[in-house]
Amino acid sequence: MPARPALNRREAFLALTLIPKVGPVTIRRLLDGFGSPEDVLKASETALQRVEGIGPAMARVIHGWQDAIDLAKEKRRIREVGARFVTLEEESYPVLLKEIHDPPPALYVLGELVERDRHAIAVVGSRRSTHYGDSCARKLAFQLATAGLTVVSGLARGIDTAAHEGALEAKGRTIAVIGCGLGKIYPPENQTLARRIADGQGAVISEFPVDQIPDKTTFPLRNRIISGLSKGILVAEAPAWSGALITANMAAEHNRTVYAVPGPIDRPSSAGCHKLIQDGAKLVTSADDILEDFLWLLPRDEQEGMKQARAEQQAAARPPMDEDEARLYGALDTSEAHIDELITRTGLPASTVSATLLKMEMKRLVKQLPGKFFTRLV
């Protein structure tokens, strides 16, 4: 038998996570039994079978790990995509994620995980989102990021994309947890979004090998990480059959608070959110509904620091306004308002309101909706 290569601790962790059909719970049992990944990889088949859940076939694969994986190729691919491999033992591994039943033994990270990411809220929802759902997700993510919270989502189409974009627009932090390898970003059209996140405003993370393609098993596994990274889960829009509800259920199991955005009562796209609210999720109409819970959980000095940071970021994110713009901005609340209603509220001439709203759209202070309705963006 050829001599086994000498591996450092991170390499041993990487090798262990690459072994087929050896999941997070099994790896934890192996580490509890042997003390280190290096010792796991050196163990005999007989010794491996003493660990709960390890039968002869799995023991044979683990013992012969060099034939089952291509460690050199994976190390090369990590370098090529510009990622880091962060193990459960390292300080940069998310503290909240360690608390769940089956945390990933290691994460592939594109970008940076920082200390402030421990104050995170997940925003999730349907891939087939409506304009209403996208608008809610983007606005709430913007508000949460402005308040200093990190927005976590799954980089999927629909609500996830809107949530990440809202956090980026606020110049806040966001973490994308993907159900595939970092070399196979899915969906393909979000590759640019993933790069924007990783290039200074957050991180894209995965527990899967670099070239792992997504399948029906990888996304549920991804969902537990979204929940584990966060102190609360906000479902922005979801029909009764949405996968976002799986994340919400995991959040409840992880002792995280579940929040949901109500929608029109006759739209199937909001049926899942309404069921969550009926089952005890907190109804959310603005970020304040989440922040009042979140701040209460923090030490007093951190509460004051976050309040101050929120005020500063809100001021910085909002472009300067002239007198007419300020009056119109004050007349808009978090709901939609028709242009005729804004004319009545402000007392400004119709021509002034129309011209001012156009300027405010160009400044991205407001957004025009179908039917001459307007809503705030910041």
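What covers the buried residues of α7?

## Basis of the model

This is a predicted model, in which local features need pLDDT of at least 70 and side-chain atom pairs count only at pLDDT 80 or more, while totals for chains, interfaces and linings use all residues. Residues are numbered from 1 along each chain as its sequence is written, and side-chain values use heavy atoms, with hydrogens and water left out.

## The chain as a whole

The protein chain holds 18 helices and twelve strands, where helices (H or I, at least four residues) and strands (E, at least two) are DSSP runs numbered from the N terminus. Its C-alpha trace spans about 90 × 40 × 40 Å along the principal axes, and 50% of the 378 residues count as buried, a term that means under 20% relative accessible area, whereas exposed means over 50% and partly exposed lies in between (1.4 Å probe, protein chains only).

Among the contacts (heavy atoms within 4.5 Å) with a separation of 6 or more, 69% join residues 24 or more positions apart.

Helix α7 covers residues 71-81, and Leu-71, Glu-74, Arg-77, Ile-78 and Val-81 are buried in it. These residues lie on the same side of α7 because they cover an arc of only 125 degrees around the axis, the arc being that of the directions from the helix axis to the C-beta atoms. The cover over the buried residues of α7 includes α1 (9-18), α6 (65-68), β1 (84-87), β2 (106-111) and α10 (191-198).

On the face of α7 turned away from its buried side are the exposed residues Ala-72 and Arg-79. Just after α7 comes Gly-82, which takes a positive phi of about 80 degrees.
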